[in-house]
Amino acid sequence: MKNIIRFLTVVVFSLMLSLSLNAQNPPHPNDAGAGGGTGNGGPIGGAAGLAGGIGILLAMGGAYGARKVYGSWKKLND
């Protein structure tokens, strides 16, 4: 019963917290510096690059997979 009450408390708290969170307003369309689609600013989605983040994610995934393979290989040889 205690676990159910804890679980419900966490769920209710999470739902209440999510109701109070708000996103930023989009930039005004005439604001050239914010990339509002006028062609004068950056791209609409921003100028954040994805290539570096994807490379880091792939490297971390490869390292994690190599560690799991090494651990299972070591377990079989012990």
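The model is a predicted one, and its protein chain contains 2 helices and 0 strands. Of the 78 residues in the protein chain, buried residues make up 1%.

**Confidence**
- The pLDDT averages 78 over the protein chain, with 71% of the residues scoring at least 70.
- Residues 34-38 have a pLDDT below 50, and in the model this stretch makes 12 contacts beyond near neighbours in sequence.
- Where pLDDT is low, the predicted coordinates should not be read in detail.

**Surface**
- The protein chain exposes about 7,300 Å², and 67% of that area is supplied by carbon and sulfur atoms.
- A nonpolar patch on the surface is formed by M1, I4, I5, F7, L8, V11 and L15, which together have about 740 Å² of accessible area.
- One of these patch residues, I5, lies in helix 1, which spans residues 2-20.

**Aromatic pair**
- A search of the whole structure returns 1 aromatic pair, and this pair joins Y70 and W73 in a tilted arrangement, with 6.0 Å from centre to centre and 35° between the planes.
- The pair counts as tilted because an angle under 30 degrees would be needed for stacked and one over 60 for edge-to-face.
- Y70 and W73 are separated by about one helical turn, because they stand 3 residues apart in helix 2 (residues 51-77).
- Y70 has a relative accessibility of 48% and therefore counts as partly exposed.

Definitions and conventions
Residues are numbered from 1 along each chain as its sequence is written. This is a predicted model: local features need pLDDT of at least 70, side-chain atom pairs count only at pLDDT 80 or more; totals for chains, interfaces and linings use all residues. Side-chain values use heavy atoms; hydrogens and water are left out. Rings of Phe, Tyr and Trp (its six-membered ring) pair if their centres lie within 6.5 Å; planes under 30 degrees apart count as stacked, over 60 as edge-to-face and the rest as tilted. Helices (H or I, at least four residues) and strands (E, at least two) are DSSP runs, numbered from the N terminus. Buried means under 20% relative accessible area, exposed over 50%, partly exposed in between (1.4 Å probe, protein chains only). pLDDT is the predictor's confidence in each residue, from 0 to 100. Contact means heavy atoms within 4.5 Å. Patches are made of residues with over 30% relative accessible area and no salt bridge: like charges are joined within 9 Å, nonpolar side chains (Val, Leu, Ile, Met, Phe, Trp, Tyr) within 5 Å. Accessible areas come from the Shrake-Rupley method with a 1.4 Å probe; for residues, only the protein chains shown count as cover. A salt bridge is a side-chain nitrogen of Lys or Arg within 4 Å of a carboxyl oxygen of Asp or Glu.
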